[in-house]
Amino acid sequence: SPDPETDNGAHVVRLAFAPHAGAVTNGDLVRGGMAFNRPLLARVVRQAPPPLPRFRIDGDGGVVCTALRHAEHSAGVLVRLFEADGRTGRVRVSVPAGYRRLQVVDLLENPIGTAVRLRGGRATVALRPFEVKTLRLER
């Protein structure tokens, strides 16, 4: 978390197979792999961080949320999305009251383009095939 010697030493690798039939998207498989590789961990802490907002992403099943965390350089919250199916994806992001802007940012949290205005706590976000897009929710 993060390990400064990440490439050195012994490594343990786990593999899993996900037999499936029917309408399973790459997004479904990516989400399953993420759950397998990063199981939920509970920890006792002295002081809990502020709670993250409850938000919802609806739309294309190929779009996967890979991160939700507090921004490091502002008071915002970061949401990272990834389009896993290799096609154009659209999702609707719904956020709780109090959030006014949705800004696309780069990996260093610098704004890219103009902010997306939230209307009624909702905004539509488009992703290109295999695109990674980071959004900063601002109060």
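The model is a predicted one, in which local features need pLDDT of at least 70 and side-chain atom pairs count only at pLDDT 80 or more, while totals for chains, interfaces and linings use all residues. Residues are numbered from 1 along each chain as its sequence is written, and side-chain values use heavy atoms, with hydrogens and water left out.

**Overall layout**

The chain holds 1 helix and 8 strands; helices (H or I, at least four residues) and strands (E, at least two) are DSSP runs numbered from the N terminus. Along the sequence, the pattern reads α-β-β-β-β-β-β-β-β. The C-alpha trace spans about 45 × 45 × 25 Å along its principal axes. Taking the contacts (heavy atoms within 4.5 Å) with a separation of 6 or more, 65% come from residues 24 or more positions apart.

**The open sheet**

Let us walk across the sheet next. An open sheet is formed by 5 strands in the order β2-β3-β8-β5-β6, and the pairing is antiparallel. Two strands pair if DSSP finds at least two bridges between them. β2 (63–70) and β6 (116–117) stand at the edges with a single partner strand each, so one side of each is left without a neighbour in the sheet.

Here are the pairings, strand by strand.

| Strand pair | Sense | Bridges |
|---|---|---|
| β2 and β3 | antiparallel | 7 bridges |
| β3 and β8 | antiparallel | 6 bridges |
| β5 and β8 | antiparallel | 5 bridges |
| β5 and β6 | antiparallel | 2 bridges |

A hairpin of 6 residues joins β2 to β3, and Arg69 has Leu78 of β3 as its bridge partner. On the next pairing, Phe82 is bridged to Val132 in β8. Arg101 is a handy landmark to find in the model: it stands opposite Arg117 in β6 and also opposite Glu138 in β8. As for β5, this strand is mostly covered, with 4 of its 5 residues buried.

**The nonpolar core**

In soluble globular proteins, nonpolar side chains tend to be buried together. A nonpolar core here is a set of buried Ala, Val, Leu, Ile, Met, Phe, Trp, Tyr and Cys residues joined through side-chain atoms within 4.5 Å. The largest such core has 16 residues, and Leu81, Val91, Leu102, Val125, Leu135 and Leu137 touch the most other members. At least two residues of this core come from each of β3 (77–83), β4 (89–94), β5 (101–105), β7 (122–127) and β8 (132–138).

Leaving aside residues up to four places away in sequence, Val91 touches Ile57, Asp58, Gly59, Asp60, Val63, Leu81, Ala123, Thr124, Val125 and Leu127.

Thr134 sits in strand β8 and is buried, at a relative accessible area of 3%. Its side chain makes a polar contact of 2.8 Å with that of Arg80; such a contact is a pair of N or O atoms within 3.5 Å, where within protein one must be able to donate a hydrogen and the other to accept it, and residues adjacent in sequence count only if both atoms are side-chain atoms. Beyond four places in sequence, Thr134 touches Leu78, Val79, Arg80, Gln103, Val104, Val105 and Leu107.

Glu138 also belongs to β8 and counts as buried at 16% relative accessibility. With residues up to four places away not counted, Glu138 touches Gly98, Tyr99, Arg100, Arg101 and Gln103.

**Loops and rings**

Glu109 lies in the loop between β5 and β6. Glu109 has a positive phi of about 70 degrees although it is not a glycine, and it is buried at 6% relative accessibility. Phe130, in the loop between β7 and β8, has a positive phi of about 60 degrees, again without being a glycine; Phe130 is exposed, with a relative accessible area of 52%.

Finally, Arg14 lies over the face of Phe36, at 3.9 Å from the ring centre. A charge sits over a ring if NZ of Lys or CZ of Arg is within 6 Å of the ring centre and within 35 degrees of the ring normal.

Conventions
Buried means under 20% relative accessible area, exposed over 50%, partly exposed in between (1.4 Å probe, protein chains only).
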